[in-house]
Amino acid sequence: LWQLRVLTQIELYSNDSEQFARAAKEVRMRLHQLPCLDPAAEAPLRPGARREYLPETIRGAWADAIFECVEVAMLRHKHDSVKSEVNMLIKLGADRRQNFRDEQQVSLLKWETQRKASTRSTR
């Protein structure tokens with residue numbers, strides 16, 4: 001938890017796109033440990049693999065740390081080199097919004113709306 005809250009967030013502030021991508025991958029991995037609002041939207045697993053979620057007793061603390069990382073990544077959303085990574089974090093967060101506090105859910109839905117509008121305007 002500490003690593004995500006401190007080290008990963010520092011890497012998300014990096015101007016190095018490879019370092020940012022590594023940090024975003026860590027956040028993505030953590031987002032996948034939260035259940036999806038719609039189970040049908042879950043990514044398929046490899047045959048024989050089990051989906052493991054964070055235990056409910058610690059899920060809130062992890063969700064807060066994950067949200068902080070997504071929020072930091074949002075600050076970088078305007079940089080083209082990281083836009084696809086940030087869009088993926090936003091989508092995954094919005095798909096799992098029930099795990100977050102109410103005010104965090106509002107932010108995730110706002111960012112998801114912006115992401116969708118941005119995706120439509122670039123087509």
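Serine 14 counts as buried because its relative accessibility is 11%; buried means under 20% relative accessible area, exposed over 50%, and partly exposed in between, with a 1.4 Å probe and protein chains only. This is a predicted model, in which local features need pLDDT of at least 70, side-chain atom pairs count only at pLDDT 80 or more, and totals for chains, interfaces and linings use all residues. Residues are numbered from 1 along each chain as its sequence is written, and side-chain values use heavy atoms, with hydrogens and water left out.

Stay with serine 14. It sits in the loop between α1 and α2. Helices (H or I, at least four residues) are DSSP runs, numbered from the N terminus. Leaving aside neighbours within four places in sequence, serine 14 is in contact with Gln19 and Arg76. Contact means heavy atoms within 4.5 Å. Glutamate 42 is 28 residues away from serine 14 in sequence, and 30 Å away in space, C-alpha to C-alpha.

Now turn to the helix pairs. Two packed helices are described by the angle between their axes and the distance between the axes. Axes are lines fitted to C-alpha atoms, for helices over the stretch in contact, and angles run from 0 to 180 degrees between N-to-C directions.

Take α2 and α3. Their axes come within 10 Å and cross at roughly 145°. From α2, the contact uses Phe20, Val27, Arg30 and Leu31; from α3, it uses Trp62, Ile66, Cys69, Val70 and Ala73. Eight of the residues in this contact are nonpolar, none is polar and one is charged. Here Ala, Val, Leu, Ile, Met, Phe, Trp, Tyr, Cys and Pro count as nonpolar, Asp, Glu, Lys and Arg as charged, and the others, Gly among them, as polar.

Next come α4 (residues 83-95) and α5 (residues 102-121), packed at about 135° with axes 9 Å apart. That angle makes α4 oblique to α5. Angles under 35 degrees count as roughly parallel, over 145 as roughly antiparallel, 65 to 115 as roughly perpendicular and the rest as oblique. Lys83, Asn87 and Ile90 are among the α4 residues that meet α5, where the partners include Leu108 and Trp111.

What about the core? The largest nonpolar core has 27 residues, and Val27, Leu31, Ile66, Val70 and Phe100 touch the most other members. Such a core is a set of buried Ala, Val, Leu, Ile, Met, Phe, Trp, Tyr and Cys residues joined through side-chain atoms within 4.5 Å. Its largest share, ten residues, comes from α3.

How values were computed. Helices (H or I, at least four residues) and strands (E, at least two) are DSSP runs, numbered from the N terminus.
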